Amino acid sequence: MKPTNTSITLAPMTTLKISDGLVKDDVLVVAIVSTNTKGAIAIESGDLAMDSKSLLASLVEMGATGTVDEVIKVPGGPARMMVFTGLGAKSSTYSHETLRRAAGSAARALTGNAGATFALPTHNLEGVSAVAEGAALGAYVFNDFRGSTKSEQKAALKSATVYSKLAGKSEAKAVIKRAGIIAKYTHLVRDLVNTPPSHLTPDSFTKKLTASFKGAGGLKAGLKVTIWDEKQLKSQGFGGIIGVGQGSANPPRLLHITYTPKVKDVKRYAFVGKGITFDTGGLNLKPGLGMEAMKSDMSGAAAVCAATLAIAELGLPIAIECWAPLAENMPSDTATRPSDIITIFGGKTVEVLNPDAEGRLVLADGLVKAQTSKNKLDGIIDVATLTGAQVIALGTRTSAVMSNNQSFSDAFIAASKDAGEQFWPMPLPIELRASLDSPVADLANIGDKNGGMMVAGLFLKDFVSDELPWLHLDIAGPAYNQGKAHGYTPVGGTGVSMRSLVRLVEQA
Ligand code: BES
Ligand code: MN
Ligand code: ZN
């Protein structure tokens, strides 16, 4: 199918720069740290030499502590305004994630400002990269549906400059460019997650992605988009996607994006992302309280698609075959009933005991389809807001990795650490698999309640070849921040997993 042409309004991105001089009229961001347990603090301004005595005195006066996520704005100083952002305890080397978060907290506090220079203890280009990323990730607002009052429409920080004596280095430009791309596609994930189901259906998801695909360089960048509509899905046997989507007036879709790098004989990964544009639970209707968070149930699809576009725009030498099975899970007279049996793409049958366990059904179709690739795959990764059990096990800021391949899992965990995302390995205990047995079909879509995250992982494992290295990422909690904003993470869609996927590909 030919890609359709639609425009979307992506929030304008913060311009990133690097400089070894102060930018006129910019706000100046520096760090405060605690130097002992008695509340003493110091200023850290990286490569920028600063006389901080008087500033320090007023900060002490204000009760500044230098803890993480503390942001203090002071008019004047060597710039129009100073912003102090906490790094925690003083150290000779701050982790990249500490720098990323501190830059992000400051950028969030600077919504509505034109420009800020970030003088933080970066030490090297990786530190510069972290600060640039953090600033751009923190500079995010979602105003698509706000009224016309000015205060509600404040724009994100327009320009962020990293102050560094490495500004003249030839690699500096590439580092800044990369940070911009990472932030741009994280923002795409956040925008998609934050867009409510009234404005994001399976069909409009494909249209928004097709529009972004052009921004990533389109065909010239080696990208291709294919979309299956509900008729094609039905006639070609995608029983999972159809079964989940059939209760909705907004018909399901399957979106496929491929990225083929210019260089030949490269590794090839398949990505599959859960794309439930809204999960009511279907006939197993979820309680009203908190159901609104289920607009985030397409976070996996958004993350894999955005990562594919980012990988293309970065021109990385790995081929990607990205799949997003998209459906809206609604209760209606056409919805799948508990006890219905559906046939997943490829022929396995599933007894749908609980239509609220829908993610695994669309993913099963996606995983099987992905493995029919005419090209040999070196790995397959699915990403999903799959289970409430994930949130119970690991909380709202740590995602889970399940796998059939230890070294692939290790490589991913290492990449996620680098990217500054928290992932933790979980097992797939084989004894739990029996709970998915069905008396009437090849398997049932629910099993043991205990260890529900792993049971869901085991369900998916049935649809992946044992020989193919596979990762299952459950991002149910971390995909959507229902608490307070922190670091570079806003309220609402977080974009989680996008950066780890890109990092994994960079390191492959
Ligand atoms: N989308 C939900 C999982 C979810 C829960 C995501 C909380 C984000 C936050 C998923 O489709 C679901 O409903 N899972 C059920 C599975 C159960 C019926 C086996 C769950 O976790 O309750
Ligand atoms: Mn569900
Ligand atoms: Zn769901």
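β10 and β15, residues 379-384, pair in the parallel sense over five bridges, and two strands pair if DSSP finds at least two bridges between them. Please keep in mind that this is a predicted model, in which local features need pLDDT of at least 70 and side-chain atom pairs count only at pLDDT 80 or more, while totals for chains, interfaces and linings use all residues. Residues are numbered from 1 along each chain as its sequence is written, chains are lettered from A and ligands numbered from 1 in the order in which they are written, and side-chain values use heavy atoms, with hydrogens and water left out.

Staying with β10, five bridges also join this strand to β12, residues 319-329, again running parallel, and there the bridge partner of F271 is C322. Is β10 buried or exposed? Six of the six residues of β10, 268-273, are buried, so the strand is largely enclosed by the rest of the structure; buried means under 20% relative accessible area, exposed over 50%, and partly exposed in between, with a 1.4 Å probe and protein chains only. R268, A270 and V272 point one way, whereas Y269, F271 and G273 point the other.

Let me turn to the metal site. The zinc ion, ligand 3, is coordinated by K274 through NZ, by D279 and D297 through OD, and by E358 through OE, at 2.0 to 2.4 Å, donors being N, O and S atoms within 2.8 Å of the metal (3.2 Å for Na, K and Ca), and since water is not among the atoms, sites may look incomplete. The zinc ion and the manganese ion, ligand 2, are 3.2 Å apart, with D279 coordinating both. K274 sits in the loop between β10 and β11, and E358 in the loop between β14 and α9, 84 residues apart; K274 and E358 are both buried.

Finally, the salt bridges, each a side-chain nitrogen of Lys or Arg within 4 Å of a carboxyl oxygen of Asp or Glu, number 27 in the whole structure. In one of them, D418 meets R503 at 2.9 Å, N to O; D418 lies in helix α11 and R503 in helix α13, so the pair ties together parts that are 85 residues apart in sequence. Salt bridges that share partners join D418 and R503 into one network with others, including E97, R178 and E506.

Definitions and conventions:
Helix = DSSP H or I, 4+ residues; strand = E, 2+ residues; numbered from the N terminus.
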